[in-house]
Amino acid sequence: MNFGIGGRLLVAHLILSLVVLGAVELALRPILRGELESQLDERLRVAASALAEQLDAGIDPETAVQRLGRATGFRMSVVGTDGFLAADSAVLPPELRAAGSHAGRSEVLAARQGLVGLAERRSTTTGIETHYVAVDAGGGRVTRAAEDLASLDDSMAAAHRAVLLAAGLGLLIAALLGGAASHVAGRTVRDLQVAARRMAAGDLSNLTVPRGPGELGDVAVALERLAGRLAEQIGRLTAERDLLDAVLAAMEEAVLVLRPDGSLLLANETAKHLLALPRSAQDQPLIETVRFPALLDAVQQASSGSAAPLELVLQGPPRRELVGRAAPLPEGSEAAVVVVVRDVTELRRLEAMRRDFVASASHELRTPVAAIRGYAETLASGALDDRATAERFVGGLGRQAERLSRLIDDLLDLSRVESGGIRLAPEPLAADAALRRLAEAARDRAERKGLALLVRKPAEGLHVHADPRAIDMIVGNLVDNAIKYTPAGGTVTLSAEAAEGAVRLVVADTGPGIEAQHQGRIFERFYRVDAGRSRDVGGTGLGLAIAKHVAQQSGGDVGVESQPGAGSRFWVRLPAA
């Protein structure tokens, strides 16, 4: 048969249209089936969740499955805690036990793990290929909704018929409109392809798929919905990840999470800093990134299924003591072991300080108590009859009681300062006036010992921002120490100077000085450079500790500059007014 050009173009276009429409139909088939399966899964999940809610509301399982089965057209069932069917819309109650245990069914196992269980198989009860969706109903029960795959096949067949109808209409349109219809169809397919590629690349922002005719429009709608759901899921996962990162970053404890193969899945900033993890540690085996046998042994024990305590000593510098625990994580997750470690260096240092303080305080209290006891026993044994001896011993009792009283007062002062019992009210104070007031209060003691007590006039307008009581406690202790340890004929000088936004109050003496190895510790409780000499001059060993704590509570600090044989220069730095 000989066709004219119009006929040949028409035949060619019809053939081309058939090829294009056939290709589109083949391309849409898996997408349509996937969307139909997704929609079926969602409807089954909603039905199973509704059944779980009815069980939570106290509705009888048999009543609930029959009611929802009639309402949805699905097969509804409840799997009890023993794994057997508690109710099933397709099985009579007397035959439930005969259906066998469902505890090993994949969808039931997944639901009991908190997931949405999905499965497809031939039902042993009905003998029909069935699609199952199961959810956890709480209390060990699982609710399940099922639909036979024949309905899905029917839906696919209906979709296929729709596609064939679209193909027939396409052929008709192609015959009438020629290449214009082919171009429109091709453009629609290209738009769908671009949208699908954007989704595959993870670009879900403002994804709008142009609507095409017939089923292509449904696919465009489905793609847009899928993109929206994916964007929502990704956003939620990103927010959860950011929250987890923020929590881990804010933790003082070091946290390590390891995969089953021993590689590092996660480490917070504290862990990276404390364990000196290299930048390349992520995704590397832990054994290649750290060299702490105790840590590796604890991880090995946790990998075998039992938690392991952990204690590390990092030699530094600085030296650190760490304690923690390595624990296994549930099987089936990406992570296998979590290690939590905390730095207890400061805690143990404070414990050691407490023990030292108790020991020192006990020792200091024991000395005057022993002396008082000795004097008392001597007097009781007959010394009272010797007036001169009795007077000497009574004087000794008074001195030791006074020393004991000073020691107790200093301990109480130190306790109040450290516990915040002394409420400071800082105010602007003229440095010159404060120093002169302290000098006048100590002048009698200095003159009785034959010392010169001088005050150097500071710069005009130099003011310190501090509580007057704090000045008395800090500088008063420094002046008292200077008077005690400076030999007769020496000089004690008070001065003040500006120091970068602060004021330094200085107490200098011409005493014996302090060797360098003692200067870093003289502000500790009960620390003495010369214990015998300190007791002779009546010191308790707490004055400088009190001065240090009050200075710190006032927003400043204290220090000393000294050379043996050349006197000492104690200073306190406080905020300037």
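Which ring does the charged end of Arg121 sit over? It is the ring of Tyr132, and the distance to the ring centre is 4.4 Å. Keep in mind that this is a predicted model. There is another contact of this kind to show you. The charged end of Arg97 sits over the ring of Phe84, 3.8 Å from the centre of that ring. What about ring against ring? Searching the whole structure for aromatic pairs gives zero.

Now to the sheets. Start with the one built from β7, β6, β10, β9 and β8, in that order. It is an open sheet of five strands, and the pairing is antiparallel. Which strands stand at the edges? They are β7, residues 264–267, and β8, residues 308–314. Each of these two pairs on one side only. Ignoring direction, neighbouring strands in this sheet are turned by 20 degrees against each other on average.

β7 pairs with β6, residues 254–258, through three bridges, in the antiparallel sense. There you can find Val257 opposite Leu266 of β7. A helix covers part of this sheet. Helix α8, residues 293–303, lies across β6, β8, β9 and β10. Its direction makes about 165 degrees with β8.

Next, the other sheet. Again we have five strands in an open sheet, ordered β12-β14-β15-β17-β16. Here the pairing is mixed. The twist from one strand to the next averages 15 degrees.

Let's walk across it. β12 and β14 run parallel, joined by four bridges. Leu454 stands opposite Thr493 in β14. Then β14 pairs with β15, antiparallel, over seven bridges. Leu494 has Val507 of β15 as its bridge partner. These two strands make a hairpin with three residues between them. In that turn, Glu500 has a positive phi of about 50 degrees.

Keep going. β15, residues 502–509, meets β17, residues 568–575, over eight antiparallel bridges. Val503 faces Leu574 of β17 as its opposite number. Finally, β17 and β16 are antiparallel too, with six bridges. How many residues lie between the strands of the β16 and β17 hairpin? Five, and among them Gly565 takes a positive phi near 85 degrees.

α11 packs on it and touches β12, β14 and β15. The direction of α11 makes about 175 degrees with that of β12. α12 lies across β14, β15, β16 and β17. It runs at about 20 degrees to β15.

The two helices also pack on each other. α11 covers residues 431–448 and α12 covers residues 468–485. Their axes are 10 Å apart, at an angle of about 35 degrees. The crossing is right-handed. Which residues meet? From α11, they include Ala434, Leu438, Ala442 and Ala446. From α12, they include Ile471, Val475, Val479 and Ile483. Charged residues take part as well, including Arg437 and Arg445 in α11 and Asp472 and Asp480 in α12. By type, the contact divides into nine nonpolar residues, one polar and four charged.

Key:
Residues are numbered from 1 along each chain as its sequence is written. This is a predicted model: local features need pLDDT of at least 70, side-chain atom pairs count only at pLDDT 80 or more; totals for chains, interfaces and linings use all residues. Side-chain values use heavy atoms; hydrogens and water are left out. Axes are lines fitted to C-alpha atoms, for helices over the stretch in contact, and angles run from 0 to 180 degrees between N-to-C directions. A crossing is left-handed if the near helix is turned anticlockwise from the far one by less than a right angle, and right-handed if clockwise. Contact means heavy atoms within 4.5 Å. Ala, Val, Leu, Ile, Met, Phe, Trp, Tyr, Cys and Pro count as nonpolar, Asp, Glu, Lys and Arg as charged, and the others, Gly among them, as polar. Two strands pair if DSSP finds at least two bridges between them. Rings of Phe, Tyr and Trp (its six-membered ring) pair if their centres lie within 6.5 Å; planes under 30 degrees apart count as stacked, over 60 as edge-to-face and the rest as tilted. A charge sits over a ring if NZ of Lys or CZ of Arg is within 6 Å of the ring centre and within 35 degrees of the ring normal.
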